[in-house]
Amino acid sequence: MSFLRRRKPKVSNPEPQIDEDDDEKEKRKRKQTAEKKRHKWSCIDSCCWLIGFICSTWWFLLFMYNAMPASFPQYVTEAITGPLPDPPGVKLKKEGLEAKHPVVFVPGIVTGGLELWEGHQCAEGLFRKRLWGGTFGDLYKRPLCWVEHMSLDNETGLDCPGIRIRPVSGLVAADYFAPGYFVWAVLIANLARIGYEEKTMYMAAYDWRLSFQNTEVRDQSLSRIKSNIELMVATNGGKKVVVIPHSMGALYFLHFMKWVEAPTPMGGGGGSDWCSKHIKAVMNIGGPFLGVPKAVAGLFSIEAKDIAVARSFAPGVLDKDVFGLQTLQHLMRMTRTWDSTMSMIPKGGDTIWGGLDWSPEGFYNCSAKKLKNDSPHTTGQNRKRNNGSKAGVNYGRIVSFGKHAAELHSSEIERIDFRDAIKGNNLANTSDCDVWTEYHEMGVGGVQAVADYKVYTAGSILDLLHFVAPKLMERGGAHFSHGIAENLEDPKYEHYKYWSNPLETKLPNAPDMEIYSMYGVGIPTERAYVYKLTPPAECYIPFQIDASADGGNEDSCLKGGVFSVDGDETVPILSSGFMCAKAWRGKTRFNPSGIRTYIREYDHAPPANLLEGRGTQSGAHVDILGNFALIEDVIRVAAGATGEELGGDRLHSDIFEWSEEIDLQF
Amino acid sequence: MALVLRLRKLCYVEPAVKCSSVGFQSCDDQTKNNENKDEIFNLSKVEESVSEKRRKKKKIKREAKEWSCINYCCWAIGYICTVWWLLLLLYHSLPATLPGFKVPESPGARLRREGLTALHPVVLVPGIVTGGLELWEGRSCAEGLFRKRLWGGSFTEIFKRPLCWLEHLSLHNETGLDPPGIRVRAVPGLVAADYFAPGYFVWAILIENLAKIGYEGKNLYMAAYDWRLSFQNTEIRDHALSRLKNKIELLYVTNGYKKVVVVPHSMGVIYFLHFIKWVESPPPMGGGGGAGWCAKHIKAIMNIGPAFLGVPKAVSNIFSAEGRDFAYVRAMAPGVFDSEILRLQTFEHMMRVSRTWDSIVSLLPKGGDTIWGNLDWSPEEGHNCNLGKKRNAKPSSSENNLNLSDGTKAFIEQEPVKYGRIISFGKAASELPSSQLPTLDSKELLRMGFSADFNLTCGEVWTEYDEINRESIRRVAEFNKAYTAQTLLDLLRFVAPKMMQRAEVHFSHGIADNLDDPKYAHYKYWSNPLETKLPDAPDMEIYCLYGVGIPTERSYIYKLSSSNKCNSIPFQIDSSADGESGNCLKNGVHFVDGDESVPVLSAGFMCAKGWRGRTRFNPSGIATYIREHQHKPPASLLEGRGLESGAHVDIMGNVALIEDVLRVAAGATGAELGNDRIHSDIVRMSERINLRL
């Protein structure tokens with residue numbers, strides 16, 4: 001208040017008199033006082049008035065909004081778009097469906113909330129507040145503190161000393177990621193309609209930054225899931241649970257199924273029939289069983305399509321050392337301490353993801369998806385049509401340096417092996433860098449050697465990452481494996497590092513169990529990258545996506561340095577569908593007991609209007625959790641239906657043809 | 001806000017005339033509503049260019065006039081907002097701790113420096129009212145509240161749609177379970193009862209201190225349950241007891257086979273008593289953990305503010321839905337609560353809702369006249385109401401205390417307060433010797449109950465009082481002037497038949513003659529410490545931690561309410577009944593020592609005597625400890641609700657209590673804590689109670 005008052009006299013200085021012909025003194029005096037009075041009202045007061053006016057209007061509107069009956073928005077929506085379809089929960093309740101099997105949700109990477117239990121000085125007052133998820137308010141308030149707390153120890157992959165960040169537990173852990181941005185909330189609400197509640201729903205929250213086995217070592221997360229599933233089965237009259245993992249949760253639950261049947265101390269000691277006794281179905285939503293190429297770009301240069309695009313629009317902004325921001329470097333340092341990102345690196349090497357000149361998606365036509373929308377079930381013919389017209393894209397080359405390297409035939413590429421190259425010492429004075437990334441331990445020679453190899457496939461990507469991120473790979477290598485098993489009977493596969501790789505484990509012996517692969521299709525998804533070297537500077541990330549690399553015409557799959565294929569925006573179809581389409585179909589060596597598998601694809605349709613929010617027919621990786629068709633499938637299975645009753649497979653994409661291309665021994 | 005600030009800045013720099021135009025034009029852009037003022041402004045702009053003075057003068061005058069009232073309001077609001085934002089900004093940019101102001105170190109941090117670390121897993125059991133409840137399925141009026149808190153949190157829904165809210169919080173009057181179409185469930189997890197309302201902590205401080213010595217989600221568990229239900233019903237509907245058993249077993253296994261320390265509060269204490277009987281009983285009634293489950297899994301039960309033998313407050317709540325606070329308000333502003341204007345009838349609504357909650361019956365005084373005293377006698381008699389204040393400074397050990405209270409005995413008035421008469425009608429009835437009281441065998445109350453002329457003139461029935469004819473209500477008050485803990489139950493059976501019928505299947509309030517009688521295997525006896533044996537767990541420890549030094553309701557003086565309208569409660573506390581100074585009677589309520597809700601007798605008797613040593617209630621000789629905390633109001637506003645409070649809920653922030661809990665959780669035994677710590681007369685009171693042990 002005093003601040004405002006002090007300024008007042010300055011402003012209310014009388015203006016220079018414009019009038020010159022003054023008649024009488026008295027009159028003038030009077031006028032002056034009047035003027036003074038008016039000017040008193042001029043500046044700050046007007047502003048105050050304005051603020052007051054806005055505030056009052058705002059409050060009034062807020063009041064009106066609060067006083068509004070809750071169903072009002074629905075009326076408006078219905079008035080505009082016509083009657084809405086019932087949410088699936090309501091619809092199915094009318095059909096007479098009731099809660100039957102308990103439901104377990106397994107959230108994926110990033111979507112689960114994390115809260116602070118112990119922190120350094122800078123995080124005072126944040127006890128049991130969310131650092132991850134929620135409003136992210138503290139990211140803006142104290143960014144460095146936030147990064148420090150979110151990072152794990154670089155040697156152990158566990159907590160840094162003095163910091164304890166723990167997963168939020170309960171359904172609140174991942175119902176909403178941020179206010180208004182649902183993850184599981186819609187599904188939960190619909191399940192509740194047919195009678196589900198806390199005692200029959202369980203969110204298997206875990207710290208998604210840790211490697212899977214470490215969640216058990218540190219938090220006993222796997223034991224908790226086991227105990228909770230046992231409890232729910234026991235208290236619900238012996239009805240088996242339906243498990244719904246999303247994204248990385250699919251891998252996590254794969255790990256769990258192996259863990260729970262393995263003997264203690266490495267496993268949970270549940271015995272070899274635990275899964276068949278407790279699990280009715282595993283309904284994977286957008287499960288990246290074979291990894292995602294996005295993870296490579298994330299680890300390699302901490303960027304994805306979005307960042308590459310932003311960079312091409314405003315070059316230099318993200319790299320600026322001004323303000324000491326160095327956002328990307330900070331992020332890279334943080335994410336490289338998270339072992340779980342390792343679980344998402346493409347698995348199965350060249351056999352699955354394609355070699356230099358070959359890939360299972362081969363002749364995928366990027367514009368085809370637009371035509372296909374109307375004819376979902378005639379996929380076979382569709383593909384053949386495009387065969388002759390275009391040369392295939394070399395999707396197998398997940399990372400290539402320069403656009404021409406991505407397109408040349410393999411015999412024409414000159415490659416120099418980087419594996420033996422000396423990393424060299426960085427000559428630049430690293431002490432100026434307050435941000436540490438492992439790139440600063442590499443010399444210019446090492447960087448050049450990486451670029452000289454030109455092209456990397458899924459197999460050599462691992463070597464590349466070992467070269468550029470040795471610490472992460474060393475740590476994570478003890479927890480994850482990315483190969484294909486020759487002989488699954490080999491006793492080495494009893495180690496937990498193989499449990500989350502579907503190509504190196506057998507499914508449990510549970511012939512009555514069902515495995516669903518549910519995912520969206522019809523959205524371009526990152527599959528391979530064109531990279532370039534960044535001009536050397538201090539504290540820089542030496543590689544970045546070459547956002548200038550674009551395909552010739554509109555139909556090209558190359559855009560902004562990224563080759564796209566069909567998928568759900570994050571996971572390519574190959575990764576989410578292959579296991580259920582082929583490797584686990586029938587009795588195979590990966591599925592010795594012949595667990596039935598079903599593929600349920602959901603074609604993406606963007607929301608028709610703004611009122612629909614994120615859409616009820618979305619196929620995007622997270623938004624699909626609000627897809628009515630998917631929710632209906634989940635509810636039906638939870639209420640007791642089998643895969644056959646749902647209608648078996650539901651296909652929109654070419655997954656079966658692609659699977660045929662893959663030469664894998666079953 | 002940014003826009004506004006920018007505008008302000010602009011205005012500040014620019015010369016006066018221009019700035020005001022900026023201000024107004026943007027205003028025009030944003031809101032169409034202020035055309036009126038804009039017009040004025042335009043006029044004033046025009047006027048400036050015109051040099052005719054007369055006209056100008058007129059305009060100015062008019063303008064000055066127009067600026068009045070609404071504009072001033074807007075101006076003032078703007079002023080306030082701006083200052084508020086500025087202060088908010090300053091507040092947020094403040095460092096977390098002011099350099100000059102030293103925060104007292106929390107017990108957790110201190111004990112951590114001593115080297116204490118998390119050892120035993122901790123289970124927290126919240127009490128009545130403090131746990132949050134959320135909606136899972138509701139009627140159409142509750143649309144949009146899915147998984148929102150109806151109880152706990154900010155309680156905004158009470159104000160927005162009070163009747164809807166009441167409807168959803170009620171239970172079914174016959175079954176004591178959900179009404180059809182409504183599912184309200186307990187909030188799970190630590191958030192269930194860490195804060196009751198924003199800023200009003202319950203468990204939060206204890207949790208924070210536990211975290212300081214290393215506790216986290218994996219070794220800390222909040223056993224949230226729906227506190228409206230009877231205890232066995234929480235298992236039937238929500239499997240709450242099974243979950244608790246499962247969680248304790250899991251905590252035990254995953255923490256290296258360390259037994260758990262259980263910390264129940266208030267009603268959670270008898271809930272957990274019910275649990276330890278349930279868990280060892282065979283299914284289907286029990287949890288099938290087998291004898292020895294408790295011995296294997298539980299290290300200690302640290303009861304905070306335990307209501308073992310019930311609380312008299314529950315009586316007045318069921319009887320007339322009021323407590324001391326209400327009676328006081330009514331005395332100040334008679335008629336406010338009873339007015340039918342706006343159809344408020346808060347009390348009647350509250351009574352209707354709370355009478356569907358079975359759990360309240362678990363809090364009725366247990367043990368009858370033997371424990372709570374009869375018409376002429378009570379264990380507390382001789383209690384001096386000023387005692388609490390005088391004794392504040394004195395340190396204590398139990399012997400010392402006894403002497404002291406014997407000493408003060410001489411000074412008390414000759415006629416001791418008859419606390420045994422929990423309800424008496426009229427002040428005179430509370431003081432007369434029993435021989436002069438009219439008596440009516442309380443059994444007869446039931447007989448005269450619902451006799452014929454039950455008139456439906458009132459239309460809808462609000463409370464059960466509407467079903468009882470007014471004549472018999474009058475007779476309740478006239479024929480039997482005073483009710484003790486024993487006859488009270490008959491009275492309640494008469495005035496709240498449905499509730500008592502429902503709830504007495506789940507709760508019992510007597511004293512067992514022979515604990516080996518097979519009937520005591522039924523779950524209705526499990527929550528009554530006087531009708532159950534403690535489990536066979538000789539290594540377990542039971543603590544009674546509670547506050548003393550606050551006047552606590554013990555017995556009431558009632559009168560018939562004057563209004564004879566429909567839908568009104570016929571009884572109310574006679575708030576005009578006051579004793580002389582130094583007397584324990586105030587506003588119709590007799591007070592004794594306690595923690596504001598639970599009298600010392602109820603909180604301490606079991607640990608002091610009923611279970612002390614090997615008794616028939618405690619056959620394996622589980623060690624019991626009493627830890628009393630003398631109430632001290634917060635010294636300054638900065639302390640919030642006080643670091644040494646003894647009040648029922650605030651005691652959860654009491655530093656000494658937290659330290660006790662932390663030490664036990666880190667492995668200490670009762671002997672290492674220093675055994676008993678007694679400030680009150682609990683030992684003497686217990687001596688007076690003639691109970692076969």
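User: In which helix is A:Phe63 found?

Analyst: A:Phe63 lies in helix H3 (residues 43-67) of chain A; helices are DSSP runs of H or I with at least four residues, numbered from the N terminus. This is a predicted model, in which local features need pLDDT of at least 70 and side-chain atom pairs count only at pLDDT 80 or more, while totals for chains, interfaces and linings use all residues. Residues are numbered from 1 along each chain as its sequence is written, chains are lettered from A and ligands numbered from 1 in the order in which they are written, and side-chain values use heavy atoms, with hydrogens and water left out.

User: Why does A:Phe63 count as exposed?

Analyst: Exposed means over 50% relative accessible area, buried under 20%, and partly exposed in between (1.4 Å probe, protein chains only). The relative accessibility of A:Phe63 is 57%, so this residue counts as exposed.

User: Which residues make the largest nonpolar core, judged by the most contacts inside it?

Analyst: That core has 165 residues, and those with the most contacts inside it include A:Phe105, A:Trp184 and A:Ile279. Helix H11 (residues 248-261) of chain A gives the most to this core, with ten residues. A nonpolar core is a set of buried Ala, Val, Leu, Ile, Met, Phe, Trp, Tyr and Cys residues joined through side-chain atoms within 4.5 Å.

User: What is A:Trp184 in contact with, leaving aside its neighbours within four places in sequence?

Analyst: Among them are A:Phe105, A:Met203 and A:Leu625, where contact means heavy atoms within 4.5 Å.

User: How much of chain A counts as buried?

Analyst: Of its 666 residues, 57% do.

Technical notes. Helices (H or I, at least four residues) and strands (E, at least two) are DSSP runs, numbered from the N terminus.
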